[in-house]
Amino acid sequence: IYVESLRIIQLSDRWNEDAKTSKVKTYPGYGIGSRYNVSEWLQVKASAEHAVRLPLSRELLGNGTTVAANMSLRPESSGNINAGVFGNLRIGDNHSIYYEAGGYWRSVRDMIHLVTNENTGLSLYSNISRVTVRGVEGEISYHFADRLHLTTNWSYSVSRDMNARRSDGKPSVTYKNRIPNRPWFYGNTELTYIHRQLFDKYDRVRFGYSVQYVHWFFLTWEGYGSLSSKSKIPTQLDQSVYLTYSWKNERYNVTGEVNNIFDRTLYDNYKLQKPGRSIMVKFRLFLE
């Protein structure tokens, strides 16, 4: 059972009287899941649930500057079905491969979504009454002893507006459009190499390299305006490396890290540019 208790008190005369409210509501949720082990290298799992996501305080009340309040925001509910397979393959004493793959389908009511006005820069959380989400995802990892680890995972997830008509009865131009500001194809790959006993038997060197990929997606609804002139977040490829040296059984640690190695132009979901290349050095000490 999900319980939402909301009490808003007006402290300023500039507020509308309708802003004052007090309510307590409950929403049911339930789920069931099962897993079957065929063998170590093949296991099957499936689940079904009815889930509820209550609005957060910042979604209801905004932040007082860039995000406006929406006290009529409703909780998000969804019926979800998930299925997948996973397993672990051992090759000799030192090699192992772990894999996992699955798919899901979700029917969402009143999806909570942040809408940004490109002209003013102000945002507002609102509900999209009917949305379907379909997706697949997978991960595979290779391990060589306790020395080399290689992991890659990828996701393809498409959320679509399933409102055929607007509240006034007219056809909706966003019907079956992808929900904007949401990446729908992305993944990352990470390589880690560990070398022990470089200078003594209690030290360790750890090297890591990671690549993150995000396919382009629309900033606004694709049904509005011309697709050729529509704002979108471009495809992005981010690469980072780090090197850590630890000694005295990892009591002392020094790490050098370079993010966005090639200083590419990267953006967040709302096309705000992220910082470029950054170089950091950190020292960490564990006290006993």
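Which residues make a nonpolar surface patch of about 520 Å²? In this predicted model, the patch is made by Val 254, Val 281, Phe 283, Leu 285 and Leu 287. Strand β16, which spans residues 278-285, supplies the largest share of the patch, with three residues. Leu 287 lies in the segment after β16. Its relative accessible area is 71%, and Leu 287 therefore counts as exposed, the cut-off being over 50%. In a regular strand the side chains alternate between the two faces of the sheet.

Along the principal axes, the C-alpha atoms fill a box of roughly 70 × 50 × 45 Å. Of the 288 residues, 30% count as buried. The accessible surface comes to about 18500 Å², and carbon and sulfur atoms account for 54% of this area. Among contacts between residues at least 6 apart in sequence, 55% join residues at least 24 apart.

Strand β8, residues 123-144, pairs with several strands, among them β5, β7 and β9. With strand β5 (residues 67-68), β8 runs parallel and is joined by two bridges. In this pairing Ala 68 stands opposite Leu 124 of β8. The pairing of β8 with strand β7 (residues 95-116) is antiparallel and extends over 21 bridges. Here Tyr 104 is placed opposite Gly 135 of β8. Strands β8 and β9 also run antiparallel, with 14 bridges between them, and Gly 138 stands opposite Trp 154 in β9. These two strands form a hairpin with three residues between them. Within the turn, Ala 145 has a positive phi of about 50°.

Strand β9 covers residues 148-161 and contains Ser 155. The relative accessibility of Ser 155 is 11%, so this residue counts as buried, the limit being under 20%. Leaving aside residues up to four places away in sequence, Ser 155 touches Val 136, Glu 137, Trp 184, Phe 185 and Tyr 186.

Side chains of opposite charge can pair when their charged atoms come close. A search of the whole structure finds nine salt bridges. One of them joins the side chains of Glu 40 and Arg 90, with an N to O distance of 2.9 Å. This pair links distant parts of the chain, 50 residues apart: Glu 40 is in the loop between β3 (30-39) and β4 (42-53), and Arg 90 is in strand β6 (residues 76-91). Glu 40 is partly exposed at 43% relative accessible area, while Arg 90 is exposed at 58%.

A salt bridge is also formed by the side chains of Arg 53 and Glu 59, at 3.3 Å from N to O. Arg 53 is partly exposed, with a relative accessibility of 30%, whereas Glu 59 is buried, with a value of 5%. Arg 53 and Glu 59 belong to a network of salt bridges that includes Glu 76.

The closest N and O atoms of Lys 282 and Glu 257 are 3.7 Å apart. Lys 282 lies in strand β16 and Glu 257 in strand β15 (residues 252-259), and the pair links distant parts of the chain, 25 residues apart. Lys 282 has a relative accessible area of 46% and is partly exposed.

Key: Residues numbered from 1 in each chain as written. Predicted model: local features only at pLDDT ≥ 70, side-chain atom pairs only at ≥ 80, totals over all residues. Heavy atoms only, no water. Patch = residues over 30% accessible without salt bridge, like charges linked within 9 Å, V, L, I, M, F, W, Y side chains within 5 Å. Areas by Shrake-Rupley, 256 points an atom, 1.4 Å probe, with all protein chains shown as cover. Salt bridge = Lys/Arg side-chain N within 4 Å of Asp/Glu carboxyl O. Helix = DSSP H or I, 4+ residues; strand = E, 2+ residues; numbered from the N terminus. Buried < 20%, exposed > 50% of the residue type's maximum accessible area, 1.4 Å probe, protein only. Contact = heavy atoms within 4.5 Å. Pairing = 2+ DSSP bridges.
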